[in-house]
Amino acid sequence: MTGQPASAGDAWRPVHVDDPDDLAALHDDPETVVVDTIEQQRRDLRRMRPAVDPAHLEEPSRWYYYPWRRAVVHLLGPAGFQALRSDRNRNKITAEEQRRLRGQSVGVVGLSVGHAIAHTLALEGICGRIRLADFDHIELSNLNRIPGTVFDLGLNKAVVVARRIAELDPYIDVEIEPRGLDLQTADAFMDGLDVVVEECDAFDLKLAVRDAARRRGVPLVMETNERGMLDIERYDLEPDRPLFHGLLGDVEPAALMGLSTHDKVPYVLRILEPDELSAIMAASMTEVDETLNTWPQLGGDVSLGAATVAAAVRALGLGRPLPSGRVRVDVEAMLGKLSEPPRPVDIVDGADATAEPEPAPSSAIDAVVHAARLAPSGGNTQPWTFALDSTGLDILLDPAQTSTLDVAFRGSHVAIGAALFNARVAAARHGVLGAAQILPDGADGADGPDAPVARLRFGSDAPGELAGLYEAMVNRVSNRNLGRPDPLPAGVVAALEDAARAEGADAAVITERDRLGELAELMGESDRLRYLTPHLHREMMRELRWPGTDDLTWGLDVRTLELDDSDLAKLAVARRADVMAVLADQDLGRALGEPTRDRIDAASGLIVVTVDGSEPADYVRGGQAVERVWIEAERHGLAVQAMSPVFIFAVDDADYEELSPRFATRLRRLHADFAVLTGTTDQAIALVMRIGYAPSISVRSRRLPADRTVRTR
């Protein structure tokens, strides 16, 4: 043990006890209190998320002796101590920000108001070194605003603050100037400081501290606790800035030495701006030296000021924009603006809901159009228009109904393929099936907005195989309920694969639990990146529709997500772009992929429908296969949910860049890993579907009215 004092006296620095004999002597001393919770500290350190650096766990612990308490305390080493003590700061202060702030040196001049400020800076870990200056001693009248105790009476204010910080964190480097500052020592006080906080009463010293800060290029912060006024003077950026924003003119510090409280009042008023004073403070100024010894201050106001100063010092330490100027954080004024919070929309009762499909018309031709309208599309965006005449039905791409995820309209072409398949099934059922055509370059080689992507001619065929799918087709639905991962019965996988092949595509059906677990993680990560990419997040939120607020004939009614109240509450937060920006900055947000991970973990399998090419016609063909596989799965009693990883329609590097410039490399890697896990390398994905056994849906997505998507030629 180095430098252990014989008595507490004015001691304020804890002593690192590194000699075993000294430690044994302290343990054996009946008057020494021993505090040893090191095992609990180590357990808490091991429980941290994410796991801490193993070196923190292996770091030797330390014993510190606090002479003014006659106590010895067993603590984690500095790295582990800082990691654990600041853990609850995250993510208001990130681990990296905490590391940066720990390198900051802050000076606090004046330790009445400054006591709470210095302690708050230490509490938040905003500095690793703090220098304190005050010549005065604690008096009973100070205890209305200084968070000391009666045991501190008569002690130097700097000593009291230093002790309190040492008991909070012995690894903070604390220096004190118990004689305070004067016009000659203010300059030296600035040595090595990154920020100085000025909270002294003497006006000559207020000016001297500013003059020294300006010469040294040190930013200065002051809080007056009158209507929460916070002052910032950026002498680091403005070396010629007038002191006190020029409010005191050209007065010199020496001219203000030795002023009585009464004589300080004019200067106080010039600084605080008479018109901005609260009525009670303005009235109190007239009573100084009459019915009041000095101007009033409240402990709560001082505590609030400590919080605002801490926010300013944090911003300075992290290089955030913070100009010179002042702001008032006036709590009493804010209390005058109390209002009732808006009531949340009850999405259960917000609009009529049904799980029943839209009734089919009796007319054969109308039934064909109706069936095409029921096809699935990404986000239920319905990226099509239909042109109908006596010879058949044309399906056209609506380029307005797209999103970034729909790279090169590939998802839209899948949806059009599904609509074409539905139209074929309905035509077969009603005996009016003719030839189906995929027209990637438009009808007869013509392109443009009026050129169909697919066409169904009316005829007189009624093939039983297709006709037999009609009831299942009109009842088909995306079921997003959590289910149970029961094994698939024999023959189901083969039936699903055959359904895809019947439409010229392939289906990979993954049922192995280990591979499903890896795919759950992969697709959960894809969802996280979708949330964290601003334009993808914006488009996704636009597709979510809230009953009582939005038109529900387009997009996804949030009730179809089958979320519980907790997940709906999380979704309400996830809608906020500013929240996603914070998570993106820190590369966090694993929980954003939790719904996808949970649903794949509860699935019996995943189906990946693929095609051999990546031209529009290939995706239309893939869309027909998607719909046929989906219907086939439901005919076997399976619940089906379409899933769209961000990379689903990407085929080259430019596509990944378009999807998410920041995360393009990750998306490319996720896609490659997905292809290996599903055995779909060198194939283009039409759709990914989760299959399993789940409760029936509570709400079915609706479709745009026919008069908005169908025109008769």
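Reader: Which elements are included in what covers the buried residues of H20?

Author: The model is a predicted one. In it, the cover over the buried residues of H20 includes H19, S17, strand S18 (556–557), H21, H22 and helix H25 (653–659). The buried residues of H20 themselves are His-535, Leu-536, His-537, Met-540, Met-541 and Glu-543.

Reader: What makes the buried residues of helix H21 lie on the same side of H21?

Author: The residues concerned are Leu-568, Leu-571 and Ala-574, which are buried in helix H21 (residues 565–574). Because they cover an arc of only 115 degrees around the axis, they are on the same side of H21. Their cover includes helix H19 (513–532), helix H20 (534–543), strand S17 (544–545) and helix H22 (577–586).

Reader: What is found at the start of H21?

Author: There, a side-chain oxygen of Asp-564 comes to within 3.2 Å of the backbone nitrogen of Ser-566.

Reader: Why does Asp-618 count as buried?

Author: The term buried requires a relative accessible area under 20%. Asp-618 has a relative accessibility of 13%, and therefore counts as buried. Asp-618 is located in helix H24 (residues 616–635). With residues up to four places away in sequence left out, Asp-618 touches Val-611 and Gly-613.

Reader: How do you know that the side chains of Asp-618 and Arg-621 are joined by a polar contact?

Author: A polar contact needs a pair of N or O atoms within 3.5 Å. The contact joining the side chains of Asp-618 and Arg-621 is 3.1 Å.

Reader: Why is Ser-478 called buried?

Author: The relative accessible area of Ser-478 is 14%, and the cut-off is under 20%, so Ser-478 is buried. Ser-478 is placed in the loop between helix H17 (470–475) and helix H18 (492–501). Not counting residues up to four places away in sequence, Ser-478 touches Trp-630, Val-640, Gln-641, Ala-642 and Ile-697.

Reader: How many cavities of 30 Å³ or more does the structure hold, and what lines the largest cavity?

Author: The structure holds 1 cavity of 30 Å³ or more. The largest cavity has a volume of about 50 Å³. Among the residues lining the largest cavity are Asn-479, Asn-481, Val-640, Gln-641, Arg-690 and Tyr-693. Strand S20 (639–643) and strand S21 (684–692) are the elements that give two or more residues to this lining. By class, the lining has 5 nonpolar, 5 polar and 1 charged residues.

Key:
Residues are numbered from 1 along each chain as its sequence is written. This is a predicted model: local features need pLDDT of at least 70, side-chain atom pairs count only at pLDDT 80 or more; totals for chains, interfaces and linings use all residues. Side-chain values use heavy atoms; hydrogens and water are left out. Helices (H or I, at least four residues) and strands (E, at least two) are DSSP runs, numbered from the N terminus. Buried means under 20% relative accessible area, exposed over 50%, partly exposed in between (1.4 Å probe, protein chains only). A polar contact is a pair of N or O atoms within 3.5 Å; within protein, one must be able to donate a hydrogen and the other to accept it, and residues adjacent in sequence count only if both atoms are side-chain atoms. Contact means heavy atoms within 4.5 Å. On a 1 Å grid over the protein atoms alone, a cavity is a set of points where a 1.4 Å probe fits but cannot get out, and a pocket is an open set with protein on both sides within 12 Å along at least five of seven lines; lining residues have an atom within 4 Å of a point. Grid points are joined across faces, edges and corners, and a volume is the space filled by probe spheres set on the points. Ala, Val, Leu, Ile, Met, Phe, Trp, Tyr, Cys and Pro count as nonpolar, Asp, Glu, Lys and Arg as charged, and the others, Gly among them, as polar. The arc is that of the directions from the helix axis to the C-beta atoms.
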